[in-house]
Amino acid sequence: MRISRRTFTAAAVAALVLPLSACGSGGDGGGSTDASGKAEGDITFQTWNLRANFKSYFEGVITDFEKKYPGTHVKWIDQPAEGYPDKLSADAAGGTLPDVVNVSPDLLAPLAKAGLALDLDKSAGQYKKEYLDGAWAGNRIPGLTGTYAFPWYLNTGPMFYNKSLFEQAGLDPEQPPKTYDELFTDALKMAEQSKGKVATLANVPTIEDFGRYGAQLMNGQGTGFAFNDAKGVELLTKYKELFDAKALDPQALTATPESSGKKFLTEAVAMNPGSALDLGNFKKNAPNLYKNIGITDQITSTGHVNMYVMGLMVNSRTKHTPAAVAFAHYVTDAQNQMSFAKQVAIFPSTAGSLDDPYFTKEDGSDDTRVRVAAAKSLKNAVNYTPVLFSDQMKTALGNEVAKALQGKESPKAALDNAVKTCDQLLTQQG
């Protein structure tokens, strides 16, 4: 199994809503937040669909941990991908949440709000410096103070571009756009030069695009969305210009990652996000594209690309806080993350790890070409997807973006409506 960019996207779709009355701070199951004592006792560790492909890796990590900390015993539980949010919700409500839990930020948020996630800034703040700033910040929850999971593995993807199409449009094939302003200028020129036959992009803007453009995604309290600010409206207005000029593919309103990839494969669009797997596909099915492929960073006007974050949360109700914190830190330390990254296409969240030759030296293979490009951009990447942004909210935003691009609403009205709907959905989350 490859833990791809799309895995993270899929992982983020489920909105997990916990009945706070069922799993709040009441009852007698509370544990200690003090992690300074001796690490000992039996703890449970839950992963998310990882046993089938990484059984020996995790068994090795657990064995080594128990040797390092005599008196500890780790029981490993692995849950299937399907139904994982529901399983977390049921365990939280029933008081059976494991001691250390594999979570994405969207699944972490309701657990932290319910008081079930240990605040690591308070209990394990000494470890913060071991991780990339953006990765540590990726496990903060709007409206709460603190950090609620150890950063684990990261992922991102570079942008592919077709050098031949850039050259045909009179653009420098060695200088692809890096900011949105550069992208808009190049895209309009390419559409004009090709008489509308070649679009630069095949996807409409998502919440991550608004973040990378510099729009404020949520208010400071985390109680409402704010991407209908001046920057957000400006971005959508620019995309409307692209759409009208056919610089944005006409089918972008209904595009999927697969359909966008096919457009790029057939050289109908000039830029598309991707992974090393795509390079192999190009080499086999589109040799002319493969010969002219360029790899660059994601488009961003903030200087920071988007990354996807996985984490390990420590249950605040654990009866063995020192052992649980020690184990979560051990799994996510530099050595173990580096070992894991060499087994699967992910990136470590630990500071300095991305300077390893594994992430900086190309050997001519497609895997290393993409790995090196992605790793370079991850050092100061951030998780733009708000942890409270559910699948329903993504749909609401997408629907309003489509109306704006079709001219049915102004960009401002479309984003105002999207924010209103998302705020209503946020209220329903509790």
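In this predicted model, Glu-400 has a relative accessibility of 10% and therefore counts as buried, since the cut-off for that word is under 20%. Its partner is Lys-403, whose side chain meets that of Glu-400 in a salt bridge with 3.6 Å from N to O, and Lys-403, at 31% relative accessibility, counts as partly exposed. The two residues, Glu-400 and Lys-403, are three residues apart in helix H19, so they are separated by about one helical turn.

Side chains of opposite charge can pair when their charged atoms come close, and the count of salt bridges here comes to 12. Another of them joins the side chains of Glu-174 and Lys-163, at 3.4 Å from N to O. Because Glu-174 lies in the loop between helix H8 and helix H9 while Lys-163 belongs to helix H8, this pair ties together parts that are 11 residues apart in sequence. Lys-163 itself, at 24% relative accessibility, counts as partly exposed.

A further salt bridge links Asp-355 with Lys-379, where the closest N and O atoms are 2.5 Å apart. Asp-355 sits in the loop between helix H16 and helix H17, and Lys-379 in the loop between helix H18 and helix H19, so the pair ties together parts that are 24 residues apart in sequence. Asp-355 counts as partly exposed at 48% relative accessibility, and Lys-379 counts as partly exposed at 41%.

Notes
Residues numbered from 1 in each chain as written. Predicted model: local features only at pLDDT ≥ 70, side-chain atom pairs only at ≥ 80, totals over all residues. Heavy atoms only, no water. Salt bridge = Lys/Arg side-chain N within 4 Å of Asp/Glu carboxyl O. Helix = DSSP H or I, 4+ residues; strand = E, 2+ residues; numbered from the N terminus. Buried < 20%, exposed > 50% of the residue type's maximum accessible area, 1.4 Å probe, protein only.
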